[in-house]
Amino acid sequence: MTERDAAGYADLRTYAAIGDGRTVALIARDGRIDWLPLPHMSSAPVFGALVDAENGGSIALSPEEPFTVERAYVDNTNVLATTFHTASGSVRVTDAMNTGVAGRLPWAELARRIDGLTGSVRLVGRVRPGTCLNTVSPWVRDTVSGAVLRADGVTMAVRASNEESVEVSDVDISLTFRTAPGSRHILGLVATEDEPLYLPDPEDVDRGVDRTVRNWQQWSANFAWEGDWQDAVLRSVLVLKLLIYAPTGAVAAAATTSLPENVAGGKNWDYRFAWVRDAAYSLTALFRFGLREETHGAISWLLATIREYGPEPHVFYQLNGCPAPEELHERDVPGWRGIGPVVDGNAASGQLQLGVFGDLFSIVQLYVDNGNVLDAETGRMLAGIADLACDRWRSKDAGMWELHEPRHYTTSKLGCWQALRHAVHLCEIGQIPGDPSRWRSEAGRIREWVQTHAWSEQKQAYVWYPGTDELDASILLHAISGFDRGPRMSSTLDALRDELGAGDHLYRYSGMDAEEGVFLACSFWMASALQLVGRGDEARGLLDRLMVAANDVGMLAEMLEPATGDFLGNLPQALSHLALINAVITVTTGSGSQD
């Protein structure tokens, strides 16, 4: 099986994800782990061949001879089972980021269990730390307890059982395994940062795989969804769980940085941050599925973070809750298939994006309407933010798409409209203090402004911003928000499909067909919007067709190349999976999250 190019890069569609609530590993179909930041998602990738095939580092494990592959997640888990078939036999590799008896382990523990199925297969493994985006030089040190791998402050050790041979160099450790029917072997890796390293017995690492399967299945048992597209919804919820940073409850936008949105390069961003927008959509989904801890954790983290670093909410935050630094560092590595740049950080953190007001208040209203209450300090903070929205909506901003040219973007105004509408509701039910009359009045002014200045009779559509005839697919979110579900919105959907469509998919806004792939979240938003304007048959048919966008194990990236279906952008992408989940909810129930 060959799915890598001559330089060693695998197709992005070949990756599956595993994780432990702190970090995420990406495993290609040929069994090589090409992405694993340690100890956290936002840490430098100790194993980062995904963006630097030569020096990035990887954890390889595959048969020595040619093979074919079948793989699937163990039922209701984020544990991956890959079966390799060769001329001499077959073997199953089960990959897990192990969890403990009572949650996360105090160290990172990767387990690769090898089970012989038929015949005899020789597998070759290699643990080769990388340069953490060319910022460190890894080495192997011999200790009284065996070889230890180091990369800056990260200390690692290989834990193996029943290996045929081990070879230790000054930069990596190579192993071979020989299977037989019923044989069991382990290739594990444990890691810590700036602290001592615990060395579990390989048998404990093996037992950890079974415990991790049980932990995931116990968690999935609390998930309730029966209906069409059930498998896709469950997989998307499990992917979302991987992207929830357990120490704080923050939702990472994606597990990676710098995967290109265009094969020509230039649009490579770091998505290992928590967007307020993604938190809003996550809670919409998680509340519907009866998941309690994640919803409370996410909203508590977000409100505490805004309160500490406010008064105005930021667009996104670091996963630990601190504001994201505005500086962006370009690293001296080639990027996936040489398509750079590779960046650390995201310069959009300092932008004004008015849509964040609507996202924040949507989360809070959803939380309260599900039978919860706000504390007094949060209520006062939200009243102040509502007052800010009354003033800020008249300003130009960077829009949802984090653009460099400030304008009066239509959906930015509607973010403020959405915030004020929810603020009025929260005030009237006694959850935030104040007199809602100003919020109600300003919401009315925003509605009138959009209806007057952002509607094009010629296009029969809401336009991107006043004075243009260009379109923006984010208007779909305001069929979902309830701003308009009538004839104007319905005709806007037709205009979007005519001008931004590529088959069943959509580009984000006018002109993007020349710069990037289709944006998967927009495609699923279209299905939701069609349902909400009364075109349910179209919505259901579209949603059926969109399900093929996922790869063989149900993963979605940020974008697709429409002609080939190849993945583009960072992955797994929370927004794509969230849009899928919420589209299924909307199409199945016939209603939106704001109903």
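## Basis of the description

Two strands are taken to pair if DSSP finds at least two bridges between them. Helices (H or I, at least four residues) and strands (E, at least two) are DSSP runs, numbered from the N terminus. The model is predicted, so local features need pLDDT of at least 70 and side-chain atom pairs count only at pLDDT 80 or more, while totals for chains, interfaces and linings use all residues. Residues are numbered from 1 along each chain as its sequence is written, and side-chain values use heavy atoms, with hydrogens and water left out.

An open sheet is formed by 8 strands in the order 6-7-8-9-16-13-12-11, with antiparallel pairing. Its edge strands are strand 6 (68-73) and strand 11, each of which pairs on one side only. From one strand to the next the twist averages 20°. Axes are lines fitted to C-alpha atoms, for helices over the stretch in contact, and angles run from 0 to 180 degrees between N-to-C directions.

Strand 9 (residues 108-119) and strand 16 (residues 184-193) run antiparallel and are joined by 8 bridges. Within this pair, L110 has L189 of strand 16 as its bridge partner, and E109 has V190. Strand 8 is also joined to strand 9, by 9 bridges and again in the antiparallel sense; A96 stands opposite A111 in strand 9. Strand 9 is mostly covered, with 9 of its 12 residues buried. Here buried means under 20% relative accessible area, exposed over 50%, and partly exposed in between (1.4 Å probe, protein chains only).

## A hairpin and a helix across the sheet

Strand 11 (residues 139-143) and strand 12 (residues 146-151) pair in the antiparallel sense over 5 bridges. The two strands form a hairpin with 2 residues between them. D142 has A147 of strand 12 as its bridge partner.

Helix 1 (residues 202-220) lies across strand 8 (89-97), strand 9, strand 13 (154-161) and strand 16. The helix runs at about 90° to strand 9.

Strand 27 and strand 28 (residues 559-560) run antiparallel and are joined by 2 bridges. In strand 28, M559 is the bridge partner of F519.

## The contact of helix 3 with helix 13

The axes of helix 3 (residues 276-288) and helix 13 (residues 574-589) come within 10 Å and cross at roughly 40°. The two helices are therefore oblique to each other; angles under 35 degrees count as roughly parallel, over 145 as roughly antiparallel, 65 to 115 as roughly perpendicular and the rest as oblique. Helix 3 passes helix 13 in a left-handed crossing. A crossing is left-handed if the near helix is turned anticlockwise from the far one by less than a right angle, and right-handed if clockwise.

On the side of helix 3, the contact is made by R277, D278, Y281, S282, T284, A285 and R288. On the side of helix 13, it is made by A574, L575, L578, I581, N582, I585 and T589. Contact means heavy atoms within 4.5 Å. The residues of the contact of helix 3 with helix 13 divide into 7 nonpolar, 4 polar and 3 charged. In this division, Ala, Val, Leu, Ile, Met, Phe, Trp, Tyr, Cys and Pro count as nonpolar, Asp, Glu, Lys and Arg as charged, and the others, Gly among them, as polar.

## Backbone features in loops

A cis peptide bond joins L38 and P39, with omega about 0°. P39 is placed in the loop between strand 3 (33-37) and strand 4 (45-47). A cis peptide bond also joins G310 and P311, with omega about 15°. P311 lies in the loop between helix 4 (292-309) and strand 20 (316-317).

N76 has a positive phi of about 60° although it is not a glycine. N76 lies in the loop between strand 6 and strand 7 (80-85) and, at 35% relative accessibility, counts as partly exposed. N162 likewise is not a glycine, yet has a positive phi of about 55°. N162 lies in the loop between strand 13 and strand 14 (165-168) and is exposed, with a relative accessible area of 52%.
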